[in-house]
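Please look over the structure shown here before reading on.

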Amino acid sequence: MRTTTVGDLRILLPDLIPDDLDSIGDLTDDLSDATIENASWRGVTLDDVTVRGSRLIGVDVSESSWEVGSLFGCEVTRTDFSGATLSGVSIERCVVTGSRFTGTRFTDIRLKDVLFEGCRFDYASLIRVTAAGAVAFVDCVLTDAAWSSCRLPSTVLRSCQLARLELDSCQLHGADLRGNSLHDLKTGLGNLHGVTLGEDQLPDLTRLAVTELNLTIRKS
């Protein structure tokens, strides 16, 4: 069983043997034990599609629509989901690396044992996204994104760009936000209830408190 650790979080990883996977280029309703490389599925509609035990490398699924279905035990590398809409999809035991989710809309997504590393989520919308297990974002760009009514307890964010990330009615209790700048984060303090921060982030937290409470700070 392959695992990795991010902060105090232990994440189960997919256990794939590339030589045992079939090379596939065509889209079907059930993709299992396959390697899909440099395929173009731009603008397709995926309805209750399951991708299991597979590797997606350099695939273009931008502007696509994926409703229901699942991604289980997969490695996703340099894949473009820009402008896509994902709704009701379960993502479990997956590693997503160097992939692009610019402007992607996630609605009612369930995450468990998922590592996003070096991915772009700028201008993405996460609506009612839930972590049912370990989830981590490492070296990801989350600028100008919006998270609404998300339940992401114990999630770890490391070395991510959070400028103008907007949090609304989110539950992040136990999340570890150390190692990120909170300077331009757009959130009320309630969204940060129970998170773990580093001492170096206290000035940014103070700024958020001053803004939310509409305080006037004057020299003595």
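## Parallel strands

Ser70 has Ser90 in E11 as its bridge partner, where E11 is a strand of residues 90-97 that pairs in the parallel sense with E8 over three bridges. Strands here (E, at least two residues) are DSSP runs, numbered from the N terminus, as helices (H or I, at least four residues) would be, and two strands pair if DSSP finds at least two bridges between them. This is a predicted model, in which local features need pLDDT of at least 70 and side-chain atom pairs count only at pLDDT 80 or more, while totals for chains, interfaces and linings use all residues. Residues are numbered from 1 along each chain as its sequence is written, and side-chain values use heavy atoms, with hydrogens and water left out.

Strand E4 (residues 30-32) runs parallel to strand E6 (residues 45-52), joined by three bridges, and Ser32 has Arg52 in E6 as its bridge partner. E6 is in turn joined to E8 by seven parallel bridges, with Arg52 standing opposite Phe72 in E8. E11 also pairs in the parallel sense with strand E13 (residues 110-117) over seven bridges, Val95 having Leu115 in E13 as its partner, and with strand E9 (residues 75-77) over three bridges, where Thr77 stands opposite Thr97.

## Nonpolar cores

A nonpolar core is a set of buried Ala, Val, Leu, Ile, Met, Phe, Trp, Tyr and Cys residues joined through side-chain atoms within 4.5 Å; buried means under 20% relative accessible area, exposed over 50%, and partly exposed in between, with a 1.4 Å probe and protein chains only. The largest nonpolar core has 56 residues, of which Phe106, Phe116, Phe121, Phe137 and Trp147 touch the most other members. The elements that give two or more residues to this core are strand E5 (34-37), E6, E8, E11, E13 and strand E16 (135-138). A second, separate core of 10 residues includes Val6, Leu9, Val95 and Ala134.

## A buried serine

Ser64 lies in the loop between strand E7 (55-57) and strand E8 (65-72), and Ser64 is buried, with a relative accessible area of 5%. Its side chain reaches the backbone oxygen of Val61 at 2.5 Å. Leaving aside neighbours within four places in sequence, Ser64 is in contact (heavy atoms within 4.5 Å) with Trp41, Gly43, Val44, Gly83, Ala84 and Thr85.

## Cysteines without a bond

A disulfide is a pair of cysteine sulfur atoms within 2.5 Å, and by this rule the count comes to zero. The sulfur of Cys150 is 4.5 Å from the closest cysteine sulfur, in Cys170, which is too far for a bond. Cys150 is buried at 0% relative accessible area, and Cys170 is buried at 8%.

## Salt bridges

A salt bridge is a side-chain nitrogen of Lys or Arg within 4 Å of a carboxyl oxygen of Asp or Glu, and by this rule the count comes to eight. One of them joins Arg2 to Glu75, with the closest N and O atoms 4.0 Å apart; because Arg2 lies in the segment before strand E1 (3-6) and Glu75 in strand E9, the pair ties together parts that are 73 residues apart in sequence.

Asp144 forms a salt bridge with Arg164, the closest N and O atoms being 2.7 Å apart. Asp144 lies in the loop between E16 and strand E17 (146-148) and Arg164 in the loop between strand E18 (156-158) and strand E19 (166-168), so this pair ties together parts that are 20 residues apart in sequence. Salt bridges that share partners also join Arg2, Arg55 and Glu75 into one network.

Conventions: A polar contact is a pair of N or O atoms within 3.5 Å; within protein, one must be able to donate a hydrogen and the other to accept it, and residues adjacent in sequence count only if both atoms are side-chain atoms.
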